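Trainee: I'm new to this one. Could you walk me through it with a few questions and answers?

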Amino acid sequence: MDGLFSHAASANEPSSHDDYRLPELRHTVSVPVAAEQAFEGFSEYIHLWWPVSKFSHYGPGSHVTFERGSLVEESEDGDQHLWGKVVHFDAPSTIVLDFTLGMETAPPTHVSLEFHEQGTATEIVLTHDGWASGHVGQEQYEQYSQWPEILGYYARFMGADNQQVR
């Protein structure tokens, strides 16, 4: 029994709470177009469907765009705010971002979009992970929990019925 309750855990010793990793966020949506069109709708026309009135840095009047290896939001005055860096861009199948929107002082998270053509439709799988540890990671996880609503805007823009994003 030596050592049992012999000392309190030190702040420097890992605990099971410190080892806990938040799960990835994974959402799927289907749009009634070929993968090439689905990819183009997401990447080239994001400024037409992204709900800047709800999810943005500058708010209404701004627009979102992929530009020079980055995802940025531009205000009506021409100011730009970096949302993330493009890590991989392979049309018409994959977009991978190091994502920081709203959490610029935290390490970037990772957003991956995969476009899978299925007959006359395309399934888009969004995976968001790479959370920081501890409290900052929990804040990131909560900050980025709105993907189903955002993907719903995209799906409707691409002609999908009011469907549930999975």
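This is a predicted model: local features need pLDDT of at least 70, side-chain atom pairs count only at pLDDT 80 or more; totals for chains, interfaces and linings use all residues.

Trainee: Does Ser70 count as buried or exposed?
Mentor: Buried means under 20% relative accessible area. Ser70 comes in at 7% relative accessibility, so Ser70 counts as buried.

Trainee: Which element gives the most to the largest nonpolar core?
Mentor: That core has 38 residues, and Phe42, Trp50, Phe99, Phe115, Trp147 and Tyr154 are those with the most contacts inside it. Several elements each supply at least two residues, among them strand 1, helix 2 (35-43), strand 5 (94-99) and helix 5 (147-157). With 5 residues, the one that gives the most is helix 5.

Trainee: Where do the buried residues of helix 4 fall, seen down its axis?
Mentor: Helix 4 covers residues 134-143, and its buried residues are Gly137, Gln140 and Tyr141. Down the axis of helix 4, they fall within an arc of 100 degrees, so they line one face of the helix.

Trainee: And which strands do the buried residues of helix 4 pack against?
Mentor: Think again of Gly137, Gln140 and Tyr141, the buried residues of helix 4. Their packing partners are strand 1 (25-31) and strand 6 (109-118).

Conventions:
Residues are numbered from 1 along each chain as its sequence is written. Side-chain values use heavy atoms; hydrogens and water are left out. Buried means under 20% relative accessible area, exposed over 50%, partly exposed in between (1.4 Å probe, protein chains only). Helices (H or I, at least four residues) and strands (E, at least two) are DSSP runs, numbered from the N terminus. The arc is that of the directions from the helix axis to the C-beta atoms. Contact means heavy atoms within 4.5 Å. A nonpolar core is a set of buried Ala, Val, Leu, Ile, Met, Phe, Trp, Tyr and Cys residues joined through side-chain atoms within 4.5 Å.
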